[in-house]
Amino acid sequence: MSVVFVASSQLPTPWGVFTMHGFEETGSGKEHVVLTLGDVASGEPVLARIHSECLTGDALFSMRCDCGFQLQEALKRIAEAGRGALLYLRQEGRGIGLLNKIRAYHLQDGGADTVEANEQLGFEADLRDYSMCQPMLDHLGIKELCLMTNNPRKLEAMRKFGLQVVDRVPLQVGKNRHNEGYLATKAGKLGHMMTEFHFKP
């Protein structure tokens with residue numbers, strides 16, 4: 001996938017002042033950002049998170065998923081390390097878009113799990129594409145990652161696009177009574193590595 005760098009700016013957050021780098025896909029016009037902290041182009045492995053947009057979890061504090069909790073925890077860990085990168089990809093609802101995600105939630109309200117709901121709408125369980133990560137990370141001089149993820153598909157995608165993942169860092173936060181079934185489905189049907197996840201009421 002072809003993406004072009006647009007601009008960078010500072011982004012103060014509760015965890016620290018990050019640098020925000022904006023990129024645009026040349027074909028679709030879709031916009032993505034990378035937040036970096038410290039010297040990420042030093043050649044040393046970079047603590048990183050690849051995070052797909054989740055309006056409901058990231059901005060509206062939804063407890064139906066663990067996305068918002070993971071986003072905040074990733075930024076916190078990068079700040080504590082003093083160095084790292086967070087890729088924020090505009091791929092709402094595992095790639096089906098916001099309105100289809102609401103349709104999927106409606107089906108989940110009726111008893112479907114997250115995979116069944118997507119399939120009932122005519123979509124695959126996960127339509128996300130990670131090919132834009134490679135040119136974005138290349139622009140920033142990042143070659144090796146310590147990747148914060150529970151998703152084996154992300155590890156496979158990074159290797160496919162020539163990025164070396166030297167370590168996988170579990171990111172298991174935000175489990176609650178509203179998302180227990182959702183997390184169980186991610187583990188059981190999508191292969192997410194959740195064995196160390198402890199319930200918090």
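Colleague: Two strands count as paired if DSSP finds at least two bridges between them; how many residues lie between β1 and β2 in their hairpin?

Modeller: Two residues lie between β1 and β2 in that hairpin, where helices (H or I, at least four residues) and strands (E, at least two) are DSSP runs numbered from the N terminus. Please bear in mind that this is a predicted model, in which local features need pLDDT of at least 70 and side-chain atom pairs count only at pLDDT 80 or more, while totals for chains, interfaces and linings use all residues. Residues are numbered from 1 along each chain as its sequence is written, and side-chain values use heavy atoms, with hydrogens and water left out.

Colleague: Parallel or antiparallel, β1 and β2?

Modeller: Strand β1 (residues 3–13) and strand β2 (residues 16–25) run antiparallel and are joined by ten bridges, and within this pairing Ser9 stands opposite Met20 of β2.

Colleague: And what is the strand order of the open sheet?

Modeller: The open sheet has seven strands in the order β1-β2-β3-β5-β4-β6-β7, with mixed pairing. Its edge strands are β1 and β7 (164–169), each of which pairs on one side only, and from one strand to the next the twist averages 25 degrees; for angles, axes are lines fitted to C-alpha atoms, for helices over the stretch in contact, and values run from 0 to 180 degrees between N-to-C directions.

Colleague: Which strand pairs with β4 in the parallel sense?

Modeller: Strand β6 (residues 144–148) pairs in the parallel sense with strand β4 (residues 46–52) over three bridges, and Leu145 in β6 is the bridge partner of Val46. Helix α6 (residues 152–160) lies across β4, β6 and β7, running at about 170 degrees to β6, with contact meaning heavy atoms within 4.5 Å.

Colleague: Switching topic, how many salt bridges are there?

Modeller: There are six, counting a side-chain nitrogen of Lys or Arg within 4 Å of a carboxyl oxygen of Asp or Glu. Among them, Arg77 meets Glu73 with the closest N and O atoms 2.9 Å apart, and Glu92 meets Lys101 with the closest N and O atoms 2.6 Å apart.

Colleague: Are Glu92 and Lys101 buried or exposed?

Modeller: Glu92 is buried because its relative accessible area is 7%, and Lys101 likewise counts as buried at 7%; buried means under 20% relative accessible area, exposed over 50% and partly exposed in between (1.4 Å probe, protein chains only).

Colleague: How are Arg77 and Glu73 placed in α2?

Modeller: Because they are four residues apart in helix α2 (residues 67–81), Arg77 and Glu73 are separated by about one helical turn.

Conventions: Two strands pair if DSSP finds at least two bridges between them.
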